[in-house]
Amino acid sequence: MITSCNGKEEIEKWPEKGNYYDPSKPIAMESMTPNWGRINNNFVITGNFPLDLSKIKVFFGGVEAVLVNCDGRDLYGLVPKQPAGVKEITMEVDGQTYTLDNFTFKYYLTESVTTVVGKFGETDPHVTGTLDEARLNSTSDLAAVAGQDGDNLIVSCGGWADKIYLVSFDDNMMVQLTGIGYMGSVATNNSRDGVAIVSRGDGQIYTAKRSDGWTLNATGITYPFAGGNNQGNMSFAEDDRYVYVMGADGLHQIDLENKTTEMMFNVNQFSAEFSGINTSQWRYYLTYSKYDKAFFCSYPDNNAIFKYWQETDGTWKVERYAGFKASWEGDNVTGDRLNDAVLKNPCGMCVNSKGELYVVLQGAHCIVKIVGREVSLVAGHPNQSGRVNGTPTEAYFDNPLCIALDGEENFFIGEDNTGVIRKMTIE
């Protein structure tokens with residue numbers, strides 16, 4: 001490589017943004033670079049268009065991209081998440097669509113597991129600060145909440161730590177929220193701008209909103225605590241007015257507006273389904289599927305997942321959904337969800353937009369997916385613990401406990417032993 005300079009020491013650190021738009025010429029797309037890539041890669045479209053980004057939209061095969069900057073000649077943006085394959089690129093300016101012959105982009109899927117908070121093995125003490133500085137202990141529950149550019153996280157550190165944190169990817173910071181003692185479950189509402197939290201000590205219900213800077217507010221509602229420790233056992237469903245809590249006695253509905261509680265069903269109503277199940281466990285994990293119109297609840301001590309739903313006549317039904325096999329029955333975590341799969345200590349769960357149920361198996365150190373009756377491996381090495389990132393099938397986990405799904409369907413996983421939160425991208 002050969003380079004040279006003119007002898008001057010002037011460095012323009014913040015060059016002024018130019019304006020190369022020529023309104024006397026038609027709007028045009030002339031070229032794009034690169035013509036292939038993955039989610040969040042940078043792209044540049046060269047042509048002639050106005051500087052005002054609010055007037056411009058760019059689509060990759062119908063999926064809108066995030067636009068970052070424009071000087072009238074070069075338009076900068078980020079590649080959006082989409083199915084793999086060749087995509088036509090189109091642009092809208094003031095509602096008018098513009099295309100260019102053979103103007104395509106080849107999209108490649110991304111799969112990865114990375115550490116986003118904490119450092120392997122550094123679990124004591126808890127440290128706030130930048131995400132590089134931040135240190136955690138056991139992460140018992142996670143909730144993905146709306147941020148400025150993407151989702152942030154509300155983190156519950158149960159166990160003996162009993163702390164609640166906000167992890168802001170927008171600000172590259174982790175800060176502790178006001179302590180309420182004996183932290184339990186945290187659940188995100190449907191609009192992703194608020195959470196509900198239940199204390200695992202006394203059953204007090206708290207809420208927090210993005211508009212209030214995620215300040216924890218006591219609602220004055222007490223969940224009728226009936227054994228268990230309230231870690232992971234809370235979920236919203238269709239209406240943000242109600243949050244649901246699963247306990248040793250059954251499923252409770254919390255009315256956040258009227259500040260009342262109502263039992264939806266008692267486990268004693270379903271004695272056959274709950275036969276042999278320890279309903280008063282250290283942890284439960286509850287999630288709701290809009291696809292199935294049903295709740296799923298994991299019972300780690302019994303290697304079991306239940307499904308609960310309400311019929312149109314108002315009656316509740318309970319189904320033994322997956323697992324229910326003892327650990328000594330084998331190491332196979334895949335296969336038929338009731339006949340084959342040995343789900344060792346299923347804990348956190350989440351449901352994606354396709355209705356697929358993702359389950360963290362603490363005892364098997366991996367993550368599985370349930371579609372129909374089939375359980376398949378998503379990430380980790382079954383029954384082998386470790387602290388390795390990479391692709392999902394290369395990664396190793398060490399006692400994973402909880403999982404959250406953000407608005408772009410990235411997964412966040414909290415672990416019991418490693419002191420980290422990891423991000424898993426599976427397109």
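Predicted model: local features only at pLDDT ≥ 70, side-chain atom pairs only at ≥ 80, totals over all residues.
**Notebook: a look through an all-strand model**

Residues are numbered from 1 along each chain as its sequence is written, and side-chain values use heavy atoms, with hydrogens and water left out.

**Whole protein.** I boxed the C-alpha atoms along the principal axes and got roughly 80 × 50 × 45 Å. I found zero helices and 36 strands (DSSP runs numbered from the N terminus: helices are H or I, at least four residues; strands are E, at least two). Buried residues make up 52% of the 427 (buried is under 20% relative accessible area, exposed over 50%, partly exposed in between, with a 1.4 Å probe and protein chains only). Of the contacts with a separation of 6 or more, 49% join residues 24 or more positions apart (contact means heavy atoms within 4.5 Å).

**Cores.** I then looked up the largest nonpolar core, which has 23 residues; Met 246, Phe 274 and Tyr 308 are among those that touch the most other members. Strands S22 (242-246), S24 (260-266), S25 (285-289), S26 (294-299), S27 (304-310) and S28 (316-323) each supply at least two residues of this core. A second, separate core has 21 residues, including Ile 39 and Phe 49. (A nonpolar core is a set of buried Ala, Val, Leu, Ile, Met, Phe, Trp, Tyr and Cys residues joined through side-chain atoms within 4.5 Å.)

Beyond four places in sequence, Phe 274 is in contact with Val 267, Thr 279, Tyr 299, Phe 306, Tyr 308, Val 318 and Arg 320.

**Two serines.** I found Ser 235 in strand S21 (residues 234-236), buried with a relative accessible area of 8%. A polar atom of the Ser 235 side chain lies 3.5 Å from the backbone nitrogen of Tyr 288. Leaving out neighbours within four places, the contacts of Ser 235 include Ala 187, Val 243 and Leu 286.

Ser 168 lies in strand S15 (residues 163-168) and is buried too, with a relative accessible area of 6%. Outside four places in sequence, I see Ser 168 touching Leu 131, Asn 152 and Met 173.

Terms used. Polar contact = N/O pair within 3.5 Å; in protein donor to acceptor, adjacent residues only side chain to side chain.
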